[in-house]
Amino acid sequence: MNRINKAFEKENSILNIYFTAGFPDLRDTIRIASALENSGADMLEIGIPFSDPVADGPTIQKSSKQALDNGMTLALLFDQLVTLREKVSIPVLLMGYVNPILQFGIEEFCKKCKEVGIDGTIIPDLPVQEFLDTYKHHFEEAGLENIFLISPNTSEERIETIDAISNGFIYMVSSASTTGAKESVQDGQLEYYQRIQDMNLKSPRLIGFGISNSETFNIACEHAHGAIIGSAFINQLEKEPSDEGIQKFVHSIKKQ
Amino acid sequence: MSSFNVSDTGYYGSFGGAYIPEMLYPNVEELRANYLEIINSEDFQAEFKELLETYVGRPTPLYFANRLSEKYGAKIYLKREDLCHTGAHKVNNTIGQILLAKKLGKDKIIAETGAGQHGVATATVCALMGMDCTVYMGEVDMARQKPNVERMKILGAEVKAATSGSKTLKDATNEAMRHWINHPDDTHYIIGSVVGPHPYPDMVARFQSVISQEIKNQLSREEGRNSPDYVIACVGGGSNAAGAFYHFLENTEVKLVAAEAAGHGVATGKSAATTFIGKSGVLHGSKTLLMQTEDGQVVEPHSISAGLDYPGIGPMHAHLFDSKRASFYDITDEEAMIAGVELSKLEGIIPAIESAHAFAVLKKMDFNKQDVVVINLSGRGDKDLETYIKWGKY
């Protein structure tokens, strides 16, 4: 059984934290991953930086640019991840736009993920149908769970299709927006959370985009199996990138 | 079955598709499911044709360029898209898309723009239809195309600066896509070229295909034949070329010629000639030829003309290149400027610097005296006066 599935069996308020590989410093990847696990995060998403991140707001755009300026590449990231499983035992996903992965080669990418102990992938601009028709077998052979997104505008029929082909979790985008920290939850969002909860999908759901503090995290946990925090953590890394800063941030979201 | 048009699944050969985040799926799917039915409907066609005729000023002339023909030893015709309302072919597409947006019940319009021509054409039709208009434009482009920024504002549009990356067309497109993700319900995104996720490349090509339809009709009258030997057009994203090529795509006796912006030269690292230095990749929703690093990061393009300053090319053109249906020429900034001044002095027409790239191809080709050559004069040079003045060699 994949580490992702095990995590959902054990815990129903999953805190999944995203950070951009190569930010703030090129060699921070393993240190940050390890500090997050030690602080109590349940799952990690490591972002592969891309020059044109259209689904991202200003915070992740900026971290991606800095990571690329620092010299991060997908090949270098895999080199860094060779020691991942010596330090980190929680599930780890790679999240990135499709072009760098296509240039690396999708088959080779999946093989490398398996080698270094990656459990899943999130590729927002790889269409569902394209994945199913062309690439699915490479991911399966590597034991990778590819995660699909749904948004408030996704039709019920399509959500059911996505649920049927998902084997890790469903990434629920919290509102019609690009990524970015928000202070509170809006009314329309709760209706959407409830509507999806009432669908009784087979896959667990994590809510992401706009989750930034214990308030937004707790509301997400009431309606799903946990939440994903990205931009708010990137802001934290910018202010206080030390292990202590990371611990303070995680504890502010999820009491131990 | 035609081999150079889009397939049912949105591909031109191995290029195209709809590589978009899930947040945009409902919008793009709504378009895909409805665009053919809407634009083929009688009332849409009637309204579209009426506006093209009475508002845009179509058909645009097909002008026999006497002195240019003499100089290059062929029968050279210019398709005068520069005489369209707003000064370029871009308005053919914006008229079509705003009518489509109305049918879909959208009341807000967003657009990206490079040279500002598409932005002006979008602001114009929004004024015409009383719709709310926001145009994203790279900060660098705003500086080098100031008159167009002011034109958009006079027309009532809000112009928002894209300040990320190279601050040009690519970044304006990123910002427009982000805006659409954040406003999916009431907003239609009018993409200005044959780029973006399916169905945009096909939809924009169809709206621009009025160009090649008119060329056919006009050549029949002028030459007693309905197809030329050559059609030459400049390609950034490729909408004017797609429109000029459209009705000749499957007639392989017509040679299609595309002029790409080589900037300082394809080997200098300051270029926008995608077919020369790009490889297959995904940007702005489609798989196409793309200027990129080995790691798949998009490379910043360079061209003297803001309208060609784009690191990709429409998927139709990527396929025309790959299948060798069209021949591609790399035209440097300098060659384009020389050709622009030459056209001005020989024919009394100052072309947009984008269009000047197409004229620079003439020096690189050999023609027979009887060859009928149509050059798509996609826009006029008023907006580029400052660049001509700065270049100074006239």
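This report describes a sheet in chain B and the interface between chain A and chain B.

## Basis of the model

The model is predicted, so local features need pLDDT of at least 70 and side-chain atom pairs count only at pLDDT 80 or more, while totals for chains, interfaces and linings use all residues. Residues are numbered from 1 along each chain as its sequence is written, chains are lettered from A and ligands numbered from 1 in the order in which they are written, and side-chain values use heavy atoms, with hydrogens and water left out.

## The sheet in chain B

Strand β10 (residues 255-263) of chain B runs parallel to β13(B) and is joined to it by seven bridges, and Ala261(B) stands opposite Ile331(B) in β13(B).

## The interface of chains A and B

Contact, meaning heavy atoms within 4.5 Å, links 37 residues of chain A with 34 residues of chain B.

Two salt bridges are found across this interface, the rule being a side-chain nitrogen of Lys or Arg within 4 Å of a carboxyl oxygen of Asp or Glu. The side chains of Arg158(A) and Glu22(B) form a salt bridge, with 2.7 Å from N to O.

Notes:
Two strands pair if DSSP finds at least two bridges between them. Helices (H or I, at least four residues) and strands (E, at least two) are DSSP runs, numbered from the N terminus.
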